[in-house]
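Subject: Structure handover

Hello,

Here is the structure we talked about. Please open it alongside this note, and read on for what was found.

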Amino acid sequence: MSEWKRYVIEIGMGIDQHGQDPTKAAIKAIKDAITRVCAVGLLELFELDLKEDVKVEVLIGVPYSQRVDIEKIKEAIPLPCEKVVKSIEGGLKGPGIALKEFGDKTNEILVAIAFVIIYVRRGKG
């Protein structure tokens with residue numbers, strides 16, 4: 001019987017200063033978290049099929065969470081595995097400067113926080 005075990009937990013932050021796009025802030029947060037992970041053991045310690053034996057779960061806290069494009073978030077995860085993404089209202093928004101040349105609709109800066117967990121399936125049988 002196989003069982004999922006946590007292998008990596010990492011947290012990242014992403015900011016969209018112009019455009020007020022929660023998806024862009026969320027993708028930056030995921031990439032921030034991923035840049036601190038070197039999961040060398042996934043291939044060197046375990047005999048894993050990345051598609052079958054690895055799963056990534058992401059929890060994103062961001063303003064306007066209902067506007068997050070979950071499929072774009074999944075594309076930002078560079079592993080060919082199962083990807084589970086949940087976006088919740090959170091993060092932070094604060095005052096910035098609105099420049100219509102950059103596509104700003106308001107003067108808000110959006111901050112997203114991403115909680116990334118990588119699981120491996122152990123005990124195939």
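**Strand pairing**

Gly 94 has Ile 109 as its bridge partner in β5. Strand β4 (residues 92-95) and β5 run antiparallel, joined by four bridges. Two strands are called paired if DSSP finds at least two bridges between them.

Before going further, a note on the source. This is a predicted model, in which local features need pLDDT of at least 70 and side-chain atom pairs count only at pLDDT 80 or more, while totals for chains, interfaces and linings use all residues. Residues are numbered from 1 along each chain as its sequence is written, and side-chain values use heavy atoms, with hydrogens and water left out.

β5 has other partners too. β1 pairs with β5 in the antiparallel sense, over 13 bridges. Within that pairing, Glu 10 has Val 116 as its bridge partner in β5. Strand β2 (residues 54-62) also pairs with β5, antiparallel, over eight bridges.

**Overall layout**

The protein has four helices and five strands. Helices (H or I, at least four residues) and strands (E, at least two) are DSSP runs, numbered from the N terminus. Read from the N terminus, the order is β-α-α-α-β-α-β-β-β. The C-alpha atoms fill a box of roughly 55 × 25 × 20 Å along the principal axes.

Of the 125 residues, 38% count as buried. Buried means under 20% relative accessible area, exposed means over 50%, and partly exposed is in between (1.4 Å probe, protein chains only). Val 54 is an example: this residue of strand β2 is buried, because its relative accessible area is 1%. Val 54 and Ala 39 are 15 residues apart in sequence, and their C-alpha atoms are 11 Å apart in space.

**Salt bridges**

How many salt bridges does the structure hold? The count is seven. A salt bridge here is a side-chain nitrogen of Lys or Arg within 4 Å of a carboxyl oxygen of Asp or Glu. Three of them follow.

- Glu 108 and Lys 93 meet through their side chains at 4.0 Å, N to O. This pair links distant parts of the chain: Glu 108 is in strand β5 and Lys 93 in strand β4, 15 residues apart. Glu 108 is buried, at 18% relative accessible area. Lys 93 is partly exposed, at 42%.
- Salt bridges with shared partners also join Glu 10, Asp 32 and Arg 36 into one network. In it, the closest N and O atoms of Asp 32 and Arg 36 are 3.1 Å apart. Asp 32 counts as partly exposed because its relative accessibility is 24%. Arg 36 is partly exposed as well, at 44%.
- Glu 71 and Lys 74 form a salt bridge with their closest N and O atoms 3.8 Å apart. The two are three residues apart in helix α4 (residues 70-75), so about one helical turn separates them. Glu 71 is partly exposed, at 48% relative accessible area. Lys 74 is partly exposed, at 25%.

**Nonpolar patch**

Which residues make the nonpolar surface patch? They are Ile 9, Ile 11, Met 13, Leu 59, Ile 88, Ile 113 and Phe 115, and the patch covers about 550 Å². Patches are made of residues with over 30% relative accessible area and no salt bridge; like charges are joined within 9 Å, and nonpolar side chains (Val, Leu, Ile, Met, Phe, Trp, Tyr) within 5 Å. Accessible areas come from the Shrake-Rupley method with a 1.4 Å probe, and for residues only the protein chains shown count as cover.

β1 (3-16) and β5 (108-122) each supply at least two residues of the patch. β1 gives the most, with three. Ile 88 lies in strand β3 (residues 82-89). Ile 88 counts as partly exposed because its relative accessibility is 33%.

**Charges over rings**

Two cases to look at. Lys 55 lies over the face of Tyr 119, 5.1 Å from the ring centre. Arg 67 lies over the face of Tyr 64, 4.6 Å from the ring centre. The rule: NZ of Lys or CZ of Arg is within 6 Å of the ring centre and within 35 degrees of the ring normal.

Best wishes
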